[in-house]
Amino acid sequence: MNDTDNQVLLRGRVADAAEPRTLPSGDELVSFRLIVERSAAAKRRSRHLVDTFDCSAWTSRLRTKALKLKPGDRIEVEGELRRLFSSRSGGVSSRVYVDLGSLTRLPEPPVASTA
């Protein structure tokens with residue numbers, strides 16, 4: 001790894017159903033939102049318990065995997081952060097999303113017994 005790498009690894013739960021889109025360029029992508037629990041240290045600094053991240057799947061393989069996700073599924077994603085800018089009548093806005101390189105469904109944690 002060098003000092004300019006752009007790599008993220010996130011584990012969390014799928015917020016809602018993935019949405020396929022075709023851009024004006026003809027490119028296809030599938031987007032979904034990932035809910036990630038904040039660390040204990042971050043929870044002490046803020047009232048917020050989770051963060052949400054938009055994720056985009058561009059390759060055919062990743063689009064197919066993303067479309068099979070259901071809300072609440074536990075997943076791990078790896079990818080790169082991308083920032084998009086757009087102009088609107090109120091000025092310029094931006095958003096950051098995860099450009100997926102991999103997507104893995106995680107097993108559900110075992111349920112503790114009360115016996």
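**Exercise 1.** In this predicted model, determine how the lining of the largest pocket divides by class.

*Solution.* Step 1: the classes are three nonpolar, one polar and six charged residues. Step 2: the residues concerned are Asp 16, Ala 17, Glu 19, Arg 21, Ser 31, Phe 32, Arg 33, Asp 54, Cys 55 and Arg 95. Step 3: strands S2 (19-22), S3 (28-37) and S4 (50-57) are the elements that give two or more residues to this lining. Step 4: S3 gives the most, with three residues. Step 5: the volume of the largest pocket is about 230 Å³.

**Exercise 2.** Locate Asp 73 and decide whether it is buried or exposed; then identify the polar contact of its side chain with another side chain.

*Solution.* Step 1: Asp 73 belongs to the loop between helix H2 (60-67) and S5. Step 2: its relative accessible area is 14%; buried means under 20%, so Asp 73 is buried. Step 3: the side chain of Asp 73 makes a polar contact with that of Arg 105, at 2.4 Å. Step 4: a polar atom of the Asp 73 side chain also lies 2.8 Å from the backbone nitrogen of Lys 70. Step 5: leaving aside residues up to four places away in sequence, Asp 73 touches Gly 12, Arg 13, Val 14, Lys 68 and Arg 105.

Conventions:
Residues are numbered from 1 along each chain as its sequence is written. This is a predicted model: local features need pLDDT of at least 70, side-chain atom pairs count only at pLDDT 80 or more; totals for chains, interfaces and linings use all residues. Side-chain values use heavy atoms; hydrogens and water are left out. On a 1 Å grid over the protein atoms alone, a cavity is a set of points where a 1.4 Å probe fits but cannot get out, and a pocket is an open set with protein on both sides within 12 Å along at least five of seven lines; lining residues have an atom within 4 Å of a point. Grid points are joined across faces, edges and corners, and a volume is the space filled by probe spheres set on the points. Helices (H or I, at least four residues) and strands (E, at least two) are DSSP runs, numbered from the N terminus. Ala, Val, Leu, Ile, Met, Phe, Trp, Tyr, Cys and Pro count as nonpolar, Asp, Glu, Lys and Arg as charged, and the others, Gly among them, as polar. Buried means under 20% relative accessible area, exposed over 50%, partly exposed in between (1.4 Å probe, protein chains only). A polar contact is a pair of N or O atoms within 3.5 Å; within protein, one must be able to donate a hydrogen and the other to accept it, and residues adjacent in sequence count only if both atoms are side-chain atoms. Contact means heavy atoms within 4.5 Å.
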